[in-house]
Amino acid sequence: FAIMRYPTLLAIGFILLIAAPALAASSDDDLSEFETSSTSDKSQDHSYAQKTSQSVSYDQDGEALFDDDEFVVEKKPSAPQASFKVKDVPASETAIQPEMKMINLPNNFYMEGVFLLFLVAYAVNYFVGKRTNENIVRAWAVAYRQVFDEQFARLGTEGSLLIKESQSSFRMQCAGRVNCAGAQCNLRLRKRHDLVSTIWEVFAPSEDVFDVTVVMNEKDFPPFVLAVALNSQMRSLKSSQKDVESLTKSVTVSHLDSAKFSIAADTKEVATQLLSEDICKLIQKNSSIFRFLHFTDQYTESKEHKKVLRFRFKLSLDFKNDEVRESSQLLIKMALYFVDAVVEKLQLSAAAVDKAKKARAKFVTEEDKEKQQELEEAKEQKRAEKRKQLEEKMKTMSSEEREKLERKLERKDLKKRQQRVKMMRA
């Protein structure tokens, strides 16, 4: 920015940089001419002094004796006048003088203005987007808090109903209900505070959603996986959830439109028992808000809680619209209805349970293999980094130090081999 701020100083410095070699060369030539003329004057004065000293003789008293016949008066030559002559120098010997061009830099603040404008726009968008998301969360809490109050004994933690995780992520804890350990609501809003994300959404639109995740009791949850989603959502759900991809197959239910919705389950009896006609009608009627439901006893995103019910709904911003608000309230009630339905109404056959247990044993084995493979890859990467560091260290060592280190490493390898042999024998 200093270059753009002072373009005149930049142009002057550039001209001086180009002209400095030529000025230095011309000053050297002038000094060499003065040095030549001064040395010639000194040599002539010295020869004149020698000649006059030879023509003078001295007596015993030190007085000078002159012979009239022999004495010759020589006039001291006058000092030669320094003459300046213009010499013709061949074109091949002349130094190539660079062309000096004046660079006209724009004396304006275009780039600075654009950058300053971007900073101002980013700051304004940050505070406006932040305030907008906070207002949406407050309106959501006012519209749907009563539904959760009816189902749970306690809402929120640490004296606040909603916990802010980021400028676009909020959560609400729910506890105190039968047939489950608790629930959590996550509001995932658009990143309105981020100007770059706001511009990107012009090309890749996103939406505000809220997730309801219910943690079930371990002893009350049968072994099954069920997923119902819009056709556009099922592919991403399978790619993100290994249990849906590995343990389920596509099934159909007569009350749900297969052209719009996809169903994946262990067995068809799970889908037929849980997806009643009323539930299917409610999902189809509110398809603009419903995104997916996911019931599983092998939840891969949590190490502590494996048996969960998950729901995702679109967060409509028209909170004053009674029809939209009632539709969202009905979907939330449906989600909490399944807590009791899974525990009290779902009855799997012995064959379905046996099949599910075998599939889970295979799933757990494959998952353990993947984890073991990831650990081996991590260990191999660490070993490769250590080898690289050791090679770099050995390059700086002398030959004696290198030999000592190699002998030490050989002894360590020998001990490891002996330990492996003992373990195999044991």
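Leaving aside its neighbours within four places in sequence, which residues is Ser-327 in contact with? Select Ser-327 and look around it. Asn-286 and Ile-289 are the residues in contact with Ser-327, once neighbours within four places in sequence are left aside. Keep in mind that this is a predicted model.

**Stop 1: the whole protein**

Zoom out. The protein has 11 helices and 12 strands. Of its 426 residues, 31% count as buried.

**Stop 2: Ser-327 and its helix**

Go back to Ser-327. It lies in helix α9, which covers residues 322-344. Is Ser-327 buried or exposed? Its relative accessibility is 15%. Buried means under 20%, so Ser-327 counts as buried.

**Stop 3: the largest nonpolar core**

Next comes the largest nonpolar core, with 64 residues. Select Trp-140, Phe-224, Leu-226, Leu-274, Phe-295, Leu-309 and Phe-338: these touch the most other members. Which element gives the most to this core? It is α9, with 9 residues. In soluble globular proteins, nonpolar side chains tend to be buried together.

Centre the view on Phe-295. Leave out residues up to four places away in sequence. Phe-295 then touches Phe-224, Val-225, Leu-226, Leu-274, Val-308, Leu-309, Arg-310, Phe-311, Phe-338 and Val-342. There is also a second, separate core of 10 residues. Among its members are Val-225, Ala-227, Leu-237 and Val-244.

**Stop 4: α8 against α9**

Two packed helices are described by the angle between their axes and the distance between the axes. The crossing is left-handed. Show the side chains where the two helices meet. From α8, pick Ile-279, Leu-282 and Ile-283; from α9, pick Leu-330, Leu-331, Met-334, Tyr-337 and Phe-338. How many residues of this contact are nonpolar, polar and charged? The contact of α8 with α9 has 8 nonpolar, no polar and no charged residues.

**Stop 5: α3 against α9**

α3 passes α9 in a right-handed crossing. On the α3 side of the contact, select Ala-143, Tyr-144, Val-147, Phe-148 and Gln-151. On the α9 side, select Val-324, Arg-325, Ser-328, Gln-329, Ile-332, Lys-333 and Leu-336. By class, the contact of α3 with α9 has 7 nonpolar, 3 polar and 2 charged residues.

**Stop 6: Gly-129**

Gly-129 counts as buried because its relative accessibility is 4%. Which residues does Gly-129 contact, leaving aside its neighbours within four places in sequence? They are Arg-192 and His-193. Now draw a line from the C-alpha of Gly-129 to the C-alpha of Arg-190. The two residues are 61 residues apart in sequence and 9.2 Å apart in space.

**Stop 7**

Select α10, residues 350-395, and α11, residues 399-425. They pack at an angle of about 150 degrees, with their axes 10 Å apart. The two helices are therefore roughly antiparallel to each other. α10 passes α11 in a right-handed crossing. The contact joins Leu-390, Met-394 and Lys-395 of α10 with Arg-402, Leu-405, Glu-406 and Leu-409 of α11. These residues divide into 4 nonpolar, no polar and 3 charged.

Then click on Met-397, in the loop between α10 and α11. At 17% relative accessibility, Met-397 counts as buried. Beyond its neighbours within four places in sequence, Met-397 is in contact with Arg-402 and Leu-405.

**Stop 7: Asn-179**

Finish in the loop between β5 (169-175) and β6 (180-188), where Asn-179 lies. Most residues other than glycine have a negative phi. What is the phi of Asn-179 near? It is near 70 degrees, a positive value in a residue other than glycine. Asn-179 has 15% relative accessibility, so it counts as buried.

Conventions
Residues are numbered from 1 along each chain as its sequence is written. This is a predicted model: local features need pLDDT of at least 70, side-chain atom pairs count only at pLDDT 80 or more; totals for chains, interfaces and linings use all residues. Side-chain values use heavy atoms; hydrogens and water are left out. Helices (H or I, at least four residues) and strands (E, at least two) are DSSP runs, numbered from the N terminus. Buried means under 20% relative accessible area, exposed over 50%, partly exposed in between (1.4 Å probe, protein chains only). Contact means heavy atoms within 4.5 Å. A nonpolar core is a set of buried Ala, Val, Leu, Ile, Met, Phe, Trp, Tyr and Cys residues joined through side-chain atoms within 4.5 Å. A crossing is left-handed if the near helix is turned anticlockwise from the far one by less than a right angle, and right-handed if clockwise. Ala, Val, Leu, Ile, Met, Phe, Trp, Tyr, Cys and Pro count as nonpolar, Asp, Glu, Lys and Arg as charged, and the others, Gly among them, as polar. Axes are lines fitted to C-alpha atoms, for helices over the stretch in contact, and angles run from 0 to 180 degrees between N-to-C directions. Angles under 35 degrees count as roughly parallel, over 145 as roughly antiparallel, 65 to 115 as roughly perpendicular and the rest as oblique.
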